[in-house]
Amino acid sequence: MVIVWYTVFIRLVWEEIKKGNYEPVIPVMNTVSSAIWAIFAIIWFGISNATTIFVVFMTAMPLIITNVWQGTRTVNADFIELAQVLRMPDWKVMTKIYLPTILPYFFSGARLAFGFGWRVSLVAETIGSSSGVGYRLRQAADLIRTDQVFAWTLTLVIMMATIEMGMLKPLESYLFRWKKDVDAQ
Amino acid sequence: MDALTQQTCTDSEHTTFAIRLSGVSKSFANAGEPLEVLREVDLTVREQAIVGLLGASGSGKSTLLNIISGILKPDRGQVCICGAASEEFNDWCAISYMFQDDRLLPWRTAIRNVEFALEAGSMPKAERARRAREALQLVDLGSFEGAFPYQLSGGMRSRVALARSLVTEPRILLMDEPFSRLDAQTRTLMHGELLRIHQLKRMTVVFVTHDVAEAALLADQVAVMSPRPGTIREVVDIALARPRDVTQPEVTRYMQRLRALI
């Protein structure tokens, strides 16, 4: 039964890809859990940094791709026409119109990926690494050192909050200062 | 240039025209059926003239403008720009195109939007900025160069778009219903601006409109187009001094005549 479903599913996805429609690839990649990637990674790379990197990459990449994908669809055809009238070469159209249009989407994708990434890396480190915060957390759990678990948790939260408020937020409000502020009305 | 082209692009006294169209036809494929948009259009635009293309929607006015600007190729007929056949004409900087909407890039400030028109080539950045600043000053927006489009009013955005089409120092300015989305008052203001800049820069202007008043107020000549397929029904010379006003009886008479022709 499972095999039948499997064949049907893979066939459907394959048909879409052959038509040049890569969209179903993304949900498929999204559906595969990080835990499954982690197990594959341990089999392929063993207990190493590569395992963590691979798992984070496989989890984060579809998020960014999906967002950028949505972004390319919002490129304003009128702006392309404007560039055409000005006889602008294609690569300039890419950098001057496509890129700025996609950037907000890329940014929100990257931010989502970042949020997922560090959570997933923790899990990946816990099961597939001999160093890192995840590894330390598991060690603390094994030794039943609740104080250490709390300490690591607090460290992580402070680190992530600093990156978010000290880097991402200011960068975002600088990059997208051309957007009308919804709150300031 | 062969003899035939020479003949169509300049007249017997070898006068050069800004734009000369002869026998221009264009069809589009519409759900398999060819749709004839323009049939045998002849039009001559003198240098420095302001010419209005007037017609109901669907009379191929915008298509004609796109053919002049070189975005579209005619199926048949000859297009001459500044005395050269369209195929041989390569100084496309000499033609500027102003759209119905302002089309300002929202992520660029006013001055950077104006600079955009200069970015197709390889002009140094400092020179681009200098020219863009000049163009913004020309449209009285010198103090708003750092503003983003969302911070500007409709009229101001229209001015930035005008500055963007003027920054390349065009010999021909094509306008596709450029002020149709503005309110009546702002539109009148923009008409004044356009005429003032025309006095200063002396470029040839071809604008598309469906507004009889706009045509009568701005143009030296109005080419009235009939729809499906688009042909030029009549070219009306408007021999009145500018600035004109809709309340002037002569202007009103021209408006009535144009309205009757549409």
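Gly70(B) follows α2(B) and has a positive phi, near 90°. Helices are DSSP runs of H or I with at least four residues, strands are runs of E with at least two, and both are numbered from the N terminus.

Helix α2 of chain B spans residues 61-69 and is mostly covered, with 8 of its 9 residues buried. Buried denotes under 20% relative accessible area, exposed over 50%, and partly exposed in between (1.4 Å probe, protein chains only). The buried residues of α2(B) include Leu64(B), Leu65(B), Ile67(B) and Ile68(B); Lys61(B), Thr63(B), Asn66(B) and Ser69(B) are buried as well.

## Basis of the model

The model is predicted: local features need pLDDT of at least 70 and side-chain atom pairs pLDDT 80 or more, whereas totals for chains, interfaces and linings use all residues. Residues are numbered from 1 along each chain as its sequence is written, chains are lettered from A and ligands numbered from 1 in the order in which they are written, and side-chain values use heavy atoms, without hydrogens and water.

## Overall fold of chain B

Chain B contains 8 helices and 10 strands. Its radius of gyration is 19 Å, close to the 18 Å given by the globule rule for 262 residues, so chain B is as compact as a globular protein of that length. The radius is taken over C-alpha atoms, and the rule is 2.2 Å times the number of residues to the power 0.38.

Of the 262 residues of chain B, 55% count as buried.
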